[in-house]
2 protein chains.
Amino acid sequence: MINHELSRSQNIQWQNIEVSSESRACIKNQKACCIWLTGLSGSGKSTIANLLEKKLHALGKHSYILDGDNVRHGLNQDLGFTESDRVENIRRVSEVASLMIDAGLIVIVSFISPFESDRALARQRIGGNRFYETYIQTSLDECEKRDPKGLYKKARSGDIKNFTGIDSPYEAPSNASLVINTMDESPEMAVDTIFGLLRTNGNIS
Amino acid sequence: MINHELSRSQNIQWQNIEVSSESRACIKNQKACCIWLTGLSGSGKSTIANLLEKKLHALGKHSYILDGDNVRHGLNQDLGFTESDRVENIRRVSEVASLMIDAGLIVIVSFISPFESDRALARQRIGGNRFYETYIQTSLDECEKRDPKGLYKKARSGDIKNFTGIDSPYEAPSNASLVINTMDESPEMAVDTIFGLLRTNGNIS
């Protein structure tokens with residue numbers, strides 16, 4: 001707990017809420033969790049997230065995608081790309097993912113999240129037993145060839161600074177729940193792999 | 001959009017997400033919205049929020065309570081009670097409520113939210129047609145008599161400063177969707193009234 005001028009967290013009491021995460025998830029026949037997709041820009045995170053949600057939805061499962069770009073337009077619109085803002089970006093997303101898991105949802109987070117330490121914080125906040133770190137492993141060459149948003153071109157020409165993979169590092173997960181290589185696997189195969197994980201862990205039946 | 005050092009919001013593109021808010025809500029047979037409970041500490045917001053959620057849950061409806069105290073332990077733990085922090089507190093809660101509405105949920109916000117301007121911002125962010133401002137109208141005398149957390153006693157003795165109703169104002173809503181007087185209505189009657197509103201607006205059938 002950060003101590004803040006005028007803060008009176010000692011006077012903030014935890015409100016007991018009577019309908020539990022489990023009972024909320026139960027009416028949907030699912031066990032809530034977070035599938036955290038990490039990988040370079042252009043690696044295929046959004047494509048996989050969308051296809052995963054469509055397939056879950058078709059089964060009547062209730063999921064939600066927290067997408068890096070979209071969250072930066074709303075909740076995190078006050079944050080830039082400094083070191084401290086980057087940490088705060090991930091902290092807030094982890095808190096929102098936690099609230100949504102508490103609401104019973106299968107939360108799909110699609111964030112480049114290039115730093116191991118940030119992802120470790122997310123894991124800690126969300127809880128290791130419901131956090132599936134999923135590395136969308138696509139080579140920089142391939143991502144740069146795809147360049148769906150034209151961002152690599154801008155980064156190479158110097159129009160964007162601190163771009164992950166170009167002049168800012170991407171730290172590959174050392175201990176991911178899943179590694180998906182999109183040069184070998186189609187998005188459909190990737191989603192099948194994630195479904196296998198969710199079934200094995202009882203998140204969906 | 002706030003311009004921030006190192007921000008490159010101009011390079012953040014909106015990701016199209018294919019499963020819509022409507023289709024998410026549809027599998028639950030509900031129309032997502034926000035019931036924003038405002039009122040003094042001790043006015044009965046949490047009691048009503050809990051009973052409302054229990055009754056929605058019993059019908060298989062999917063809701064979630066965002067409670068002022070609980071959110072201050074997590075997402076907003078870095079915020080105190082200064083003017084700017086107070087605005088940021090409501091801004092973030094409004095953004096999270098928006099995301100949860102997008103996820104198809106009936107979101108119950110239980111926040112003192114004493115200032116009309118803050119609630120107006122929340123209404124604007126969430127969208128007037130899915131924002132039901134609900135004023136839990138309980139007299140200060142009655143709240144102070146109940147004093148469920150012993151906070152009025154601390155505020156009267158000066159142990160807590162800027163306490164709403166004592167040395168910080170509460171601005172009653174001028175244009176609430178509902179006004180619930182807990183001195184005349186039991187929590188059960190209050191929840192029935194809210195159910196009436198949700199049915200009239202087609203949020204639940």
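Predicted model: local features only at pLDDT ≥ 70, side-chain atom pairs only at ≥ 80, totals over all residues.
Q: Why is Leu198(A) called buried?
A: A residue counts as buried if 20 or more other C-beta atoms lie within 10 Å of its own. Leu198(A) has 20 other C-beta atoms within 10 Å, and is therefore buried. This residue is found in helix α8 of chain A.

Q: What is Leu198(A) in contact with, leaving aside its neighbours within four places in sequence?
A: Contact requires C-beta atoms within 7 Å. With those neighbours set aside, Asn203(A) and Ile204(A) are the contacts of Leu198(A). A further relation is given by C-alpha atoms: Gln30(A) is 168 residues apart from Leu198(A) in sequence and 9.6 Å apart in space.

Q: What makes β2 and β5 the edge strands of the sheet in chain A?
A: The open sheet of chain A holds five strands in the order β2-β3-β1-β4-β5, with parallel pairing. Strands β2 (63-67) and β5 (178-181) of chain A each pair on one side only, and they are the edge strands. From one strand to the next, the twist averages 20°.

Q: How do you know that β1(A) is paired with β3(A)?
A: Two strands pair if there are at least two bridges between them. Strand β1 (residues 33-38) and strand β3 (residues 106-110) of chain A run parallel and are joined by five bridges. Leu37(A) stands opposite Ser110(A) of β3(A), and Cys34(A) has Val107(A) as its bridge partner in that strand.

Q: Which helices pack on this sheet, and which strands do they touch?
A: Helix α5 (residues 116-126) of chain A touches β1 and β4 (131-137) of chain A, and its direction makes about 150° with that of β4(A). Helix α8 (residues 187-200) of chain A touches β1, β4 and β5 of chain A, at about 170° to the direction of β5(A).

Q: Why is β3(A) called largely enclosed by the rest of the structure?
A: Five of the five residues of β3(A) are buried, so the strand is largely enclosed. Ile106(A), Ile108(A) and Ser110(A) point one way from β3(A), Val107(A) and Val109(A) point the other way, and all are buried.

Q: What makes β4(A) mostly covered?
A: Seven of the seven residues of β4(A) are buried. Phe131(A), Glu133(A), Tyr135(A) and Gln137(A) point one way from the strand, Tyr132(A), Thr134(A) and Ile136(A) the other way, and all are buried.

Q: Which residues touch the most other members of the largest nonpolar core?
A: The core has 98 residues, and Cys34(A), Val107(A), Cys34(B) and Val107(B) touch the most other members. Not counting residues up to four places away in sequence, Cys34(A) touches residues including Ala97(A), Ile101(A), Val107(A), Val109(A) and Ile126(A).

Q: How do you know that the span of helix α8(B) agrees with its number of residues?
A: At 1.5 Å a residue, the 14 residues of α8 (residues 187-200) of chain B should span 20 Å, and the end C-alpha atoms are 20 Å apart, so the two agree.

Q: Why are the buried residues of α8(B) said to lie on the same side?
A: The buried residues of α8(B) are Ala190(B), Val191(B), Ile194(B) and Leu198(B). They cover an arc of only 95° around the axis, and are therefore on the same side of α8(B). On the other side, Glu188(B), Gly196(B), Arg199(B) and Thr200(B) are exposed.

Q: What covers the buried residues of α8(B)?
A: The cover includes β1 (33-38), α2 (45-58), β4 (131-137) and β5 (178-181) of chain B. Helix α8(B) lies across β1, β4 and β5 of chain B, at about 170° to β5(B).

Technical notes
Residues numbered from 1 in each chain as written. Chains lettered and ligands numbered in written order. Helix = DSSP H or I, 4+ residues; strand = E, 2+ residues; numbered from the N terminus. Expected span 1.5 Å × (residues − 1). Buried ≥ 20, exposed ≤ 12 C-beta atoms within 10 Å, placed from the backbone. Arc of directions from axis to C-beta. Contact = placed C-beta atoms within 7 Å. Axes fitted to C-alpha atoms, helices over the stretch in contact; angles between N-to-C directions. Core = buried A, V, L, I, M, F, W, Y, C linked by C-beta atoms within 7 Å.
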